[in-house]
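Please look over the following notes with the structure open beside you.

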Amino acid sequence: MGLSPHTSAGIVGRIIGFSKTQGMLASPLYHCIMRRDADGDEATVILLMDALLNFSPKLLSNHRGATQDEPLVLTSVILPTEVDDMVFDMDIVWRYPLEVYEAGLQYKPAYEVKIKTLKDELGKEGQYEGWGFTHDTSDFNKGVRCSSYKTLPTMQEKVQRQMALCEKLRAVDHHDVARLVIERHFIRDIKGNLRKFSQQQFRCVACNEKFRRPPLKGNCSKCNGKIIFTISEGSVIKYLDPSLSLAEKYQLPAYLVQTLDLAKQMIELNFGKDKEKQEGLGKWFG
Ligand SMILES: [Zn+2]
């Protein structure tokens, strides 16, 4: 049974062999129904009988999110028409016609050349079989066995390597990639966690009692235990320096730089200035 984070649904599959890859080789439909596109997110498998015999919703803790990664429902047949539509645009031809390359030379939009995709086969026999591919191999262990997204331990290194790759690719505007990484991921994470920090609950380390506000006496009103934050400073500031470094190195638009500066000011208002952190600018993308 395949399962991926936050889907709450298991999908039955049949194991037909093993590879040396740190990954799962399966039908694209199988990856897609698990909402995975092989971009580095993790998926898991559970042996079916194990889940049927040993899993019960009664075992789950009652905190929010506990049910997100559990096989609460089970799908035994993949209906291609009902999976994430991302996979519908997958090309299923055995070779690309010359027309594709000629259109490429003229910078034509991709949709101007008609290539058979999975979408064309939905509802037909071809929705499950007969798909083409262009590069065969004699041994699927000869490729990359473990994604560098997994081997690189920190987010800084992942982004650093992504940017190094982008700089090598002529088709990629790496300044824009840096902008997108900040706008779509880092700045949202920083702002979201900063808001959560100011609205957070407090927790007793001894008895786990939750408090909307910390008791004035400074200890747990139930058991006198120590009170701690539920959202850490680290989770708020972790992407600030990488964002500032990216913005500096790739000369990003003034508006974005100002947004980051404001976020930095808000963080300093909350946590104070950190001398060591200030020196760290540029060290990730220098
Ligand atoms: Zn307590």
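1. Domain bounds here come from an automatic or database domain assignment. On that basis the protein chain is divided into domain 1 (2-127) and domain 2 (155-279), and the centres of domain 1 and domain 2, taken over C-alpha atoms, are separated by 32 Å.

2. The model is a predicted one, in which local features need pLDDT of at least 70 and side-chain atom pairs count only at pLDDT 80 or more, while totals for chains, interfaces and linings use all residues. Residues are numbered from 1 along each chain as its sequence is written.

3. Helices (H or I, at least four residues) and strands (E, at least two) are DSSP runs, numbered from the N terminus. Helix H6 (residues 174-198) packs with helix H8 (residues 240-249) at an angle of about 155 degrees, their axes lying 10 Å apart; axes are lines fitted to C-alpha atoms, for helices over the stretch in contact, and angles run from 0 to 180 degrees between N-to-C directions. That angle makes H6 roughly antiparallel to H8, a term for angles over 145 degrees, as against roughly parallel under 35, roughly perpendicular from 65 to 115 and oblique for the rest.

4. In the contact between these helices, where two residues count as touching if their C-beta atoms, placed from the backbone, lie within 7 Å, H6 contributes Ala178, Val181, Ile182, Phe186, Ile187 and Ile190, and H8 contributes Leu240, Pro242, Ser243, Leu246 and Ala247. By class, the contact of H6 with H8 has ten nonpolar, one polar and no charged residues, with Ala, Val, Leu, Ile, Met, Phe, Trp, Tyr, Cys and Pro taken as nonpolar, Asp, Glu, Lys and Arg as charged, and the others, Gly among them, as polar.

5. How many of the ten residues of H8 are buried? Eight are, so H8 is largely enclosed by the rest of the structure; a residue is buried if 20 or more other C-beta atoms lie within 10 Å of its own, exposed if 12 or fewer, and partly exposed in between, with C-beta atoms placed from the backbone. The buried residues of H8 include Asp241, Leu244 and Ser245.

6. Backbone geometry deserves a check at two places. Most residues other than glycine have a negative phi. Gln251, however, in the loop between H8 and helix H9 (254-271), has a positive phi of about 45 degrees although it is not a glycine, and Gln251 is exposed, with 10 other C-beta atoms within 10 Å.

7. Asn224, which is not a glycine either, has a positive phi of about 70 degrees. Asn224 lies in the loop between strand E6 (210-211) and strand E7 (227-229), and is exposed, with 12 other C-beta atoms within 10 Å.
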